Amino acid sequence: MDNFLELARSKSWVRPMDGKNSGDIDASIAATHMMLEATDRGLGSIWVMYWSPDKMREEFELGDSIEPVALLIVGYRSEEARPRKGHLESISIEEMRIH
């Protein structure tokens with residue numbers, strides 16, 4: 001597994017200032033576009049972060065050559081579906097700014 005993943009990671013763009021590999025960011029962008037497409041098709045979606053990569057590999061028979069990055073649940077929304085409390089809240093720009 002390590003050799004294949006190392007090869008795949010070597011094909012991703014790397015930021016020269018600190019060596020950050022863009023592979024996980026690229027996968028996140030693709031997943032976001034999938035969620036937007038689901039919305040365009042009248043479906044709801046949610047990005048699940050709490051899952052075991054090893055169990056994901058086993059359940060979906062991914063093998064060692066695939067590194068799972070995102071789990072998206074897609075389907076028809078319930079009429080009663082609402083965002084979790086606090087989901088739509090945000091902090092002010094002053095709290096976000098780094099001084």
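Me: What percentage of the 99 residues in the protein chain do buried residues make up?
Reply: Buried residues account for 13% of the 99 residues in the protein chain. Please note that this is a predicted model.

Me: Let us turn to S22. Where does S22 lie?
Reply: S22 is found in the loop that runs between α1 (2–11) and α2 (23–40).

Me: Does S22 count as buried or exposed, and why?
Reply: S22 counts as buried because its relative accessibility is 9%, and the cut-off for buried is under 20%.

Me: Which residues does S22 touch, leaving out those up to four places away in sequence?
Reply: With those neighbours not counted, S22 touches S12 and W13.

Me: New topic: the surface. Which residues make the nonpolar surface patch of about 300 Å²?
Reply: That patch is made by I91, I93 and M96. Of these residues, I93 has its place in helix α4, which spans residues 93–96.

Me: What does the accessible surface of the whole chain come to?
Reply: The accessible surface of the protein chain is about 8,800 Å². Carbon and sulfur atoms hold 56% of that surface.

Me: Last one, on contacts between residues at least 6 apart in sequence: what percentage join residues at least 24 apart?
Reply: Among those contacts in the protein chain, 48% join residues at least 24 apart.

Note on methods: Residues are numbered from 1 along each chain as its sequence is written. This is a predicted model: local features need pLDDT of at least 70, side-chain atom pairs count only at pLDDT 80 or more; totals for chains, interfaces and linings use all residues. Side-chain values use heavy atoms; hydrogens and water are left out. Helices (H or I, at least four residues) and strands (E, at least two) are DSSP runs, numbered from the N terminus. Buried means under 20% relative accessible area, exposed over 50%, partly exposed in between (1.4 Å probe, protein chains only). Contact means heavy atoms within 4.5 Å. Patches are made of residues with over 30% relative accessible area and no salt bridge: like charges are joined within 9 Å, nonpolar side chains (Val, Leu, Ile, Met, Phe, Trp, Tyr) within 5 Å. Accessible areas come from the Shrake-Rupley method with a 1.4 Å probe; for residues, only the protein chains shown count as cover. A salt bridge is a side-chain nitrogen of Lys or Arg within 4 Å of a carboxyl oxygen of Asp or Glu.
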